Amino acid sequence: MTDKTPAAGGPVADLSTAPLPTEDTLRKRRSIPLQLARFAAYNARIMRMVIKGH
Amino acid sequence: MADVVILGAGISGHTAALHLRRKLGRGSEHTVTVVSPNSKWNWIPSNIWVGVGKMGKPDVVFPLEPVYRKKGIGFRQAKAVALWPEGDADDPRGAVDVEYTGQGRAGTTERIRYDYLVNATGPKLRFEATPGLGPDGHSLSVCTADHATEAARSLTETIERLRAGEEQTLVVGMGHGTCTCEGAAFEYVFNVDHELREAGVRDRARLVYLTNEERLGDFGVDGMTFEEQGFQTSSEMWTASLFRERGVEAILGAHVTKVEEGVVHYETLDGEFHALAFDFAMLLPPFGGVGLAAYDAEGGDITDRLFAPSGFMKVDADYTAKPYEEWRAQDWPETYQTPGYDNIFAVGIAFAPPHQISRPRTSANGTPIAPAPPRTGMPSGVMGKTAAMTIYDRIKHGAHAEAHRASMAHMGAACVASAGADLRTGSAAAMTMMPVVPDYARYPTGRDLAATRGEIGLSGHWVKLMLHHLFLHKAKARLGWQFIPE
C-alpha cells in the first residue's frame, strides 16, 4: 500500500455489538430446500406489493 | 391524431413507450417517439455484476432501435435541450428541441412537436460536484456499463497486487454528502468482498464502506423496521450484523470533499475533516436533472417555472418548505403531471421530489450530509406506466380524463443486494419495503410490516438473477412482456 495518509482514515463505526449469525443461521442461508421456500416467499411478497401498491 | 414524445429510454421512459404503443395499437394514427442520447438500453441493477467481472457489458445492454422498429415506436438518438410547452411563434403545439448524438446526424438539431410529453430523462451524473471524483478523476463508478467495465478491470489489478502479497485498501460508497443509491454501493461492497474471498486474498484487504448515511441501513429511506420472530428490529441492526460478519468497515455521515490520486478527503457530521488512503475506490456521484431549459411562446425563459433548482422537473408534489417533523406521505406526487400543463409528465428520476425521505442533517460546519431520496427500478417503471395510462385515456376520451395515480407513499420496492453470481454459492441481502415513503398516519412504523422485510441467503441471489432475465425479456418486448409487472 502506498504511504499517503494515516491508514486509520478517520472514524470507523464501532460494530462490535452488532449481532453475529450463528453457525446454524449461516447453514440455513445456504440450505437449498430452505432457500427454495424463501425464494417462493420473497416472490409472493413482491406479487403482494404489485397487487396492493401498483 | 396525437403525437407523444418520451424523453429518455431508461426504465421509466422505455416502460411508458412500450405500454403506450401497446394500448394505442401499432397501426393507429397516433405516434409515439422516444428521444434518447443512448443507442442502447441498460439494465442498470446488473452493472454491479459487470463491476466485479461476473458479467460483461453485452449481458446488460441491448440496442433500442430494433425493439422500437418492431413495435412501431419512433426513435431519435438525441438529447433534449429545451422545452417549448406553449409552442412558439410558428405553432401553438408544445415542442422540444433535441440535439442528435447518433443515427448519422450527430450535432444537428431538430424541433419536435408534441401533444403529450413524458420527461424520463433520468439523472445527470454530477461527478463535477466533488473535485477529482469519477472515472475522469481518481475514482471509479458503476453507474454505466462502461464505468462498471473499467471498475472490474481495476478490481482485477487490485486482486493481482493482493495475490502478490501487497496490502490494499478498497473504498466503496458515496462521493458526496447528498448522493442517493446507497443500496447500489451497499451491493457493490459485498460483491467486492465476495470476489476477494473467492480469490483467497480477503485477509490482506481492508474494505471500507464510506457513506453519507448517518447510520447503517438508512438506504436513503430513513431506515426500515422489520418484524422477526416476534420482535421488531431495525434495518440498522440487520445491516450492521452483515458488516461485522463480513469484516467490512463503515464510515458514516461522510461528505467527500475531494478525491486525489489514492486519497479521499471527507468531512463528517461532527465537522471534522479526514483523509483516507486507498488503492481502489468506487464512489458514486450525486444526481441532478439533465439541465433542460424551458421557454414560453415568445421565447422568455420559464425554466424556473418548470424545474426545481436541482434541474428535476416539478410535478404534482407539495414543494412547500417545512421541517422534517411536518413531512407527510401526501407531499409526494401521484399523477406526475407538471403544474399548469396537463400534457406534460415527469417520471422516474426526472421528477423533483418534495423533500428527502431520510432525516435531513448538516455537519457542525453547516454542510448538508443526508441521502437524497432513491427512485429505484420498480417505482420508476410504475410511474412510467402510470403516465402512459393517463395519456392513453386522454387521447381516447378527451383531455380532461382523470389522471392515473401511483404515489411512492403507496407503492413498494424490492432491493436485492447480491454477493456473487453462482447459483449454489451466491448470496444476497434482499429487502422489500412498502411503501417506499413511510406513512406514519397509516402504519406505526411508517411501513406495512407484513411487506417490509430483510433476509439474507442464497434465495435472494436467485431473485436477483431472475429479475435480471425477466426485465431484459420485458425490455426487449418479447412474448408476454406486458404480463411481467413493473
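## A salt bridge and the domain interface

K57(B) and D146(B) join their side chains in a salt bridge, with 3.0 Å from N to O. The model is a predicted one. Chain B is assigned two domains, each built from two segments. Domain 1 covers 3-125 + 287-397, and domain 2 covers 127-286 + 411-483.

How many salt bridges cross the interface of domain 1 and domain 2 of chain B? The rule finds 5. Contact between the domains of chain B involves 56 residues of domain 1 and 70 residues of domain 2. Together the two domains of chain B bury about 5100 Å². Carbon and sulfur atoms carry 65% of that area. The C-alpha centres of the two domains of chain B are 25 Å apart.

## The largest nonpolar core

The largest nonpolar core holds 138 residues. Within this core, V96(B), F186(B) and Y188(B) touch the most other members. Helix α8 (residues 377-397) of chain B supplies the largest share, 9 residues. Where does this core lie relative to domain 1 and domain 2 of chain B? Both domains give residues to the core, so it lies between them. Nonpolar side chains tend to be buried together in soluble globular proteins.

Take Y188(B) as an example. Neighbours within four places in sequence are set aside here. Another core, of 15 residues, lies apart from the largest one. Its members include A254(B), L276(B), F278(B) and L283(B).

## Helix α5 of chain B

Helix α5 of chain B spans residues 182-198, 17 residues in total. From first C-alpha to last, α5(B) reaches 24 Å. That is close to the 24 Å expected at 1.5 Å a residue.

Is α5(B) largely enclosed or largely open? Of its 17 residues, 14 are buried, so the rest of the structure largely encloses α5(B). Just after this helix comes G200(B), with a positive phi of about 75°.

## Helix α4 of chain B

Helix α4 of chain B takes in residues 145-163. At 1.5 Å a residue, its 19 residues should span 27 Å. The end C-alpha atoms are 27 Å apart, in agreement.

Which residues of α4(B) are buried? They are A145(B), H147(B), A148(B), A151(B), A152(B), S154(B), L155(B), T158(B), I159(B) and L162(B). An α-helix has 3.6 residues a turn, so residues three or four places apart point the same way. G165(B) follows α4(B) and has a positive phi, near 100°.

K23(B) sits in helix α1 (residues 11-24) of chain B. Is K23(B) buried, partly exposed or exposed? The relative accessible area of K23(B) is 32%, which makes this residue partly exposed.

K23(B) and A388(B) lie 365 residues apart in sequence. In space, their C-alpha atoms are 8.8 Å apart. Beyond its neighbours within four places in sequence, K23(B) contacts M389(B) and Y392(B).

## Where chain A meets chain B

The two chains also share an interface. Here 38 residues of chain A are in contact with 57 residues of chain B. Chain A and chain B bury about 3900 Å² between them. Of this area, 64% is on carbon and sulfur atoms.

The count of salt bridges between chain A and chain B is 4. D448(B) and R48(A) meet through their side chains in a salt bridge, at 3.2 Å from N to O.

## Backbone details in the loops

Where is P435(B)? P435(B) is in the loop between β24 (427-433) and β25 (453-457) of chain B. The peptide bond from M434(B) to P435(B) is cis, and its omega is near -5°.

D222(B) is not a glycine, yet its phi is positive, near 70°. Its place is the loop between β11 (205-210) and β12 (225-228) of chain B. Q229(B), also not a glycine, has a positive phi of about 50°. Q229(B) occupies the loop between β12 and β13 (231-234) of chain B.

Are D222(B) and Q229(B) buried or exposed? D222(B) is buried, at 10% relative accessible area. Q229(B) is exposed, at 75%.

Note on methods. Residues numbered from 1 in each chain as written. Chains lettered and ligands numbered in written order. Predicted model: local features only at pLDDT ≥ 70, side-chain atom pairs only at ≥ 80, totals over all residues. Heavy atoms only, no water. Helix = DSSP H or I, 4+ residues; strand = E, 2+ residues; numbered from the N terminus. Expected span 1.5 Å × (residues − 1). Buried < 20%, exposed > 50% of the residue type's maximum accessible area, 1.4 Å probe, protein only. Core = buried A, V, L, I, M, F, W, Y, C linked by side-chain atoms within 4.5 Å. Domains from an automatic or database assignment. Contact = heavy atoms within 4.5 Å. Buried area = accessible area lost by both parts, 1.4 Å probe.
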